[in-house]
Amino acid sequence: MDFSFSLLKGPTALSIVVIMIAAVCAADDRNPLAGDPKAAKAGEYEFRINCALCHGLGARGGGRGPDLTRAHKRHAHSDADMFQTISSGIPGTAMPANGTNGQGVGMTDDEIWELVAYIRSVEVKAPLQAVGNAQHGKELFYGDANCSLCHMVNGKGGRLGPELTAVGGTRTVEAIKESVRNPSRRLAWGLTEPSKEFAQQYETITVVTADGKEIKGVALNEDQFTVQMMDSNEQIHLLEKDKLRSFKKSRESMMPKYDTSVLSDKDLDDIVAYLISVGAQ
Amino acid sequence: MTARVNGMERSRPRMSQAFHVFTITCVLLGTVQAPAQVTFERLLNSAKEPQNWLTYSGDYAGRRFSPLDQINKTNAKTLVAKWVYQTAATGKLETTPLVVDGILYATGQDDRAFALDASTGRPIWLYQRQLPNDIRPCCGHVNRGVAIMEDKVYLGTLDAHVMALDSKTGSVIWDVSAFDYKLGYSFTAAPLAVKDLIVIGVSGGEYGVRGFIDAYDAATGARRWRFYTVPGPGEPGHETWEGDSWKVGGAPAWITGTYDAATNQLFWPTGNPSPSNRGAGRAGDNLYSNSLLALNADTGKLNWYFQYTRHDEHDWDATQVPVMIDTDGKHLIAQANRNGFFYVVDRSTGKLLLANPYGKITWSDSKDAEGRPVARKDASPTLEGHTVCPGALGATNWMSPAFDPQTGFFYVTARDQCDIFSTAPQPYEAGHAFYGSAYFPSDEAEPYVGALRAIDPMSGKVKWEFPHVSPSWSGVLSTAGGLLFTGDAEGNFIALDAASGKALWHFQMGGEVYASPMAFAVDGKEYVAIAAGSAVYAFGLP
């Protein structure tokens, strides 16, 4: 659309513009291919090519990308929102704009609408119902389960482990539970180039400095010659590798395994319910 | 058009600066021995002028070896940054600069091409192509560099044009369309100037193109020959395609090949058949995908071919620079292939001499009578997904290897990664992505690693490796100073001892490297240059 605003003056002009914008929004708000099973099938191919690397096969969530089968989405309530998210990416996250990076190929507008049709087709229809008691989960998180010693939610908690405010809104229940029961396994997630945007890989680093002091903590970042780490007292250490007596990196997480003798299935359900309630906000 | 880009206004020469630049250019030309025009003779004898870097790989043999030795094992630890040129654009830089008589020519995002004062990094001219907004590059708006011949530099563009720019001003001399970019054809590789021809291979293996290698008259832009990498009806090799699959068979040729003057042959590697990860519908070997082609440089006629990966289903393009090695009277061509094997072929006959893995491999556990690795039956992708090593990005990729005649080693940036390969049955639609596949890292996999590996090309054995913290997209340069230079994904530029792989020096450039380094000298001072992030960096002694 390319017309000159200068030709239109006064309230009439303004209302014309408002009406036009409203019309455009209304027209674009719904996917023109909505409900077309052929479009959804084509969208599935597009999804596999462009999205599955992060969001997983079947859109069930991957190492970095949220589970897209959920009814509630942080960035894509309407079809138009979803189109916009796919087309332009989400600033400040690993979600890239369509066709701008090395992963996947650029999609045409039609192909993006096919993708939207596919994602809608695999969506669960009802918002996720948490099975546990969120209030009790919160008490456990900040109390007996000791989660908050290392994890922060809404600005409150420790710093050594990943921030968990958004995790309930972006990860599957199964993934959250597995992270609690077997934390080391999830350290493998997201080890591809796009994840370079995330400094914190939470690998366990143990070093011995030149003066013989051992420091154990999590990696904040690392390159060939340096490491930036946080120890269990939340002290940051900035180190040059060639000045260390030893440097060891392990994918054995510093987080203890919470097996059923430490945390019952019911209590875990409650903690997950709490995280989901926070993530939905 | 020249220097008309937003954000470049301040750095482009104004009138007074233009005069200054003119003066500098005259002084430079006055102080060097070599003639101003880059003749074919000069390209053939590039070793005689080590201060210049005249072709993509530094010489026609593709060695990426600089005979300069001022920067060496003893003084490398004192290297400092000399200048940085910011392109002021987003997206990665894959360019290898050329340097001719004090002027550096390189390319950037969206088919920028620019000339810099090679000793200061100050821009002399900038050409910015006005690309249509519906181009279909697969993997970023990238370009790997220019070729130079006589008084022109040559550029392949993302909208599938080949163009000649005046080397002193960046003015367009000629501009020809090779194919309809809307069907997914593009150029990303640097052309190769040979005799009076500009040779370039097409990109677009993600869109079901029919690959080709073109040669254009360097003076006029008239196309002199085209070799289709997928044979048409009646041509030998056509029978290796099922039905009409050849029409969208892929086999692009998106890296710069090498040239053997003794036999007047071009050696040009080709990419994956399309769709890349689904073999159903294209039964057969799918010639000449994933092959090394020996072409007559004058006519483009095929002398011989060697296919590295037959009927590929894992996106293992053979688009790695094929390096000519002459030793003990043998004329060899070596390639560290994306499929994880290091191959040595007799370049007179195309006969395979050696194939040895240099990385993690699960797709093959046997060889045929000719010594070619044979794919396991269970290596094919499935709808549910199936783990295979190397992954789709390959055991290496397009980043340049180096061959060092002093150490005798072949150096390659390697990646040990396995992927889950899953088919995504998909009909061909003109101009649309045509992968037929999806691939992603396995949740169960060990974290994958990267390394610079030194291979003995006579045995194919890995002699040592320099592990990277994560896999790198940087190529490798070797120099007569006993050094290797490479970059990494964390933004380091690193000098290593070429004999042992020991790191001697590094500099944190602040941007991931997707390019291969090169070396040059101006006024007797050696420089090493590489692109990282959105900038080009030059380093030298204090």
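In which hand does helix 4 of chain A cross helix 5 of chain A? Here are a few friendly notes on that and other spots.

1. This is a predicted model, in which local features need pLDDT of at least 70, side-chain atom pairs count only at pLDDT 80 or more, and totals for chains, interfaces and linings use all residues. Residues are numbered from 1 along each chain as its sequence is written, while chains are lettered from A and ligands numbered from 1 in the order in which they are written.

2. The crossing of helix 4 of chain A with helix 5 of chain A is right-handed (the near helix is turned clockwise from the far one by less than a right angle). Contact residues (C-beta atoms, placed from the backbone, within 7 Å) include Phe83(A) and Ile86(A) of helix 4 and Trp113(A) and Val116(A) of helix 5. Helices are DSSP runs of H or I with at least four residues, and strands are runs of E with at least two, numbered from the N terminus.

3. In chain B, strand 21 (residues 341-346) and strand 22 (residues 352-357) pair in the antiparallel sense over five bridges (pairing takes at least two DSSP bridges). Val345(B) faces Leu352(B) of strand 22. Five residues lie between the strands of this hairpin, and Gly350(B) has a positive phi near 80° there.

4. Pro405(B) sits in the loop between strand 26 (402-403) and strand 27 (410-416) of chain B. Pro405(B) is partly exposed because 15 other C-beta atoms lie within 10 Å (buried takes 20 or more, exposed 12 or fewer, and partly exposed falls in between, with C-beta atoms placed from the backbone). Its C-alpha atom is 8.8 Å from that of Ala480(B), 75 residues apart along the chain.

How values were computed:
Two residues are in contact if their C-beta atoms, placed from the backbone, lie within 7 Å.
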